[in-house]
Structures are given as C-alpha cells and as structure tokens.
Amino acid sequence: EQIDDFVNDAASLSEAYGRVIDKLLQSPHFGERWGRHWLDVARFAESSGGGRSLMFPQAWRYRDYVIAAYNADKPFDLFVREQNAGDLLPANSDTQRSEHLTAAGLLVLGPINYEQQNKSLLRMEVVDEQVDTVGRAFLAMTLGCARCHDHKFDPIPTADYYAMAGIFGATQSLVDGNVSNPVMRKLPLPPSEQQALDAFTKKLNAITEQFTVADAAVKKMTVVKNKE
C-alpha cells in the first residue's frame, strides 16, 4: 500500500519523496528505530551484569525517554544536559521533573558488581564506569585509561580524569548493603495519576485492615478450639 501510494502520487517526484519522509518522521517507530543506536551508546541493559546480576526494573523508563526524545526532535544539547545532570535542572512541571530524573538514569545503567564488599572500591568502580561512559558517549573518547596514567594518544592526563571523578564521586549514587543498590528516586506523578494512586491506596488500606481483623479473629478461634 505504501508503494502504491508513492507510485500514484500526482505530485512531482521530489514532493512525493518529501511526503514519505514526513510520514516516516511523524511515525512513533522513528524514535524506536533510531533510539536503539543511542541505547547502544548508553550501554542500556535491564540488569547490571558483573558479579551477581542485579535487575533494573525501572530501566524501561530510560528507554522510553530516549525514544520520546527522538520523536520530539529534542535539541541535542538539552539531551546531553538532561542525562548528565537531570536531577539538578529546573523544571516547569511534574512531568518535566520526571523526565529530567529519568534521563539521569544513564549514569546508573552500567555493568557494576554490586556484590563488591569493599565499599570504597565499589564507589570508585561506579565513578570510573560513569566517567568512561560520559567520555565515550559525549566526547567520543576513552577516558578510563587515564585512571592510572596520562592518556597515551589524547590530551587527557590523570589530573583531568580525577577532576571528573571528583564530580561523580560527590554524587550519592549507592545504597550500601551486602549487595549494594543504586539510589532510587520517587518520580512526581501528574495530579490525575496521584489522585488515582491515593484512592487506590485508601481502598487497599481499608481491605488490609479488614484482613488484619479477620485474621486475628481466626487465630483467636483456633486458640480457643485447641484449649477445648
């Protein structure tokens, strides 16, 4: 059908091509198709890998953020700022605030061994992975080797590496434990969704209270019966 529409287009060939291109750009599949390339750059995954694999149940939010950014033709400079410092950017609405926080998820999607028991080392491993990702994704440069020595081919001395590492090191990104976890932030909900959540929570609490009362009554009856 698409081929027939193109062949039967009464306009000139250039206009027919233009309409096809506009239709493709307007399709939500555009973001899905091209967003995949950025997700590769961002080393997107839904689990941590490395050591005990830790699931990232909310990783899909970052994936959808990338797809929406492509479909909305988001300016690349804003795309960069949101992913590096989304939690620090001002927001005009709860929706935009959620978008900024989700974008910053880039920094915690890396392959990290969260089971590492040396927590100081774990924090530096996270920082190193973040520095390396920022270098590869936004600068097209490998910065990780400057952790140990001045970069051999590019002008990246260890001083620059640790200057960047200091920025990420000053960020709280881990919750320590036997198996540590990334810090989770609650996303603000739009008013309509918050109202629906509050109504559901109220109903759930009422049912939970009824269950508690019924359970206590059953246990009391069981005790009496056992005594008899």
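**Buried, exposed and in between**

Colleague: Why is Arg43 called buried?

Modeller: Arg43 has a relative accessible area of 17%. Buried means under 20%. So Arg43 is buried. Keep in mind that this is a predicted model. Arg43 lies in the loop between H3 and H4.

Colleague: Which other residue has a positive phi without being a glycine?

Modeller: Asp73, with a phi of about 55°. Asp73 is found in the loop between H4 and H5.

Colleague: How do you know whether Asp73 is buried or exposed?

Modeller: Asp73 has a relative accessible area of 65%. Exposed means over 50%. Therefore Asp73 is exposed.

Colleague: Why does Ala91 count as partly exposed?

Modeller: Ala91 has 34% relative accessibility. Ala91 sits in the loop between H5 and H6. Leaving aside neighbours within four places in sequence, Ala91 is in contact with Gln96, Arg97 and His100.

Colleague: How far is Ala91 from Ala42?

Modeller: The two are 49 residues apart along the chain, and their C-alpha atoms are separated by 24 Å.

Colleague: What puts Ala85 in its accessibility class?

Modeller: A value of 23% relative accessibility. Ala85 lies in helix H5. From Ala85 to Phe44 there are 41 residues in sequence and 18 Å in space, C-alpha to C-alpha.

Colleague: Why is Ser173 called buried?

Modeller: Ser173 is at 16% relative accessibility, and the limit is under 20%. So Ser173 counts as buried. The residue is in the loop between H8 and strand E1 (174–175). Beyond neighbours within four places, Ser173 is in contact with Val126, Gln130, Asn181, Pro182 and Val183.

Colleague: How do you know that Ser180 counts as buried?

Modeller: Ser180 has 0% relative accessibility. That is under 20%, so Ser180 counts as buried. Its place is in the loop between E1 and strand E2 (181–182).

Colleague: Which residues does Ser180 touch?

Modeller: Not counting residues up to four places away in sequence, Ser180 touches Leu54, Tyr114, Lys119, Leu122, Leu174 and Val175.

Colleague: What is Tyr114 in contact with?

Modeller: Leaving out neighbours within four places, the list includes Ser48, Leu54, Phe56, Leu122, Leu174 and Ser180. Tyr114 is also one of the residues with the most contacts inside the largest nonpolar core, along with Trp38, Tyr62 and Val131.

Colleague: Which helices supply that core?

Modeller: The core has 32 residues. Helix H3 (28–41), helix H4 (59–71), helix H7 (119–138) and helix H8 (158–169) each supply at least two of its residues. H7 gives the largest share, seven residues. In soluble globular proteins, nonpolar side chains tend to be buried together.

Colleague: Which residues of H6 are buried, and what do they pack against?

Modeller: In helix H6 (residues 94–103), Ser98, His100, Leu101, Thr102 and Ala103 are buried. The buried residues of H6 pack against H4 and helix H5 (76–85).

Colleague: How does the radius of gyration compare with that of a compact globule?

Modeller: A compact globule of 228 residues would be near 17 Å, but the protein has 25 Å. The C-alpha trace spans about 95 × 60 × 35 Å along its principal axes. Of the 228 residues, 27% count as buried.

Definitions and conventions
Residues numbered from 1 in each chain as written. Predicted model: local features only at pLDDT ≥ 70, side-chain atom pairs only at ≥ 80, totals over all residues. Heavy atoms only, no water. Rg over C-alpha atoms; globule rule 2.2 N^0.38 Å. Buried < 20%, exposed > 50% of the residue type's maximum accessible area, 1.4 Å probe, protein only. Core = buried A, V, L, I, M, F, W, Y, C linked by side-chain atoms within 4.5 Å. Helix = DSSP H or I, 4+ residues; strand = E, 2+ residues; numbered from the N terminus. Contact = heavy atoms within 4.5 Å.
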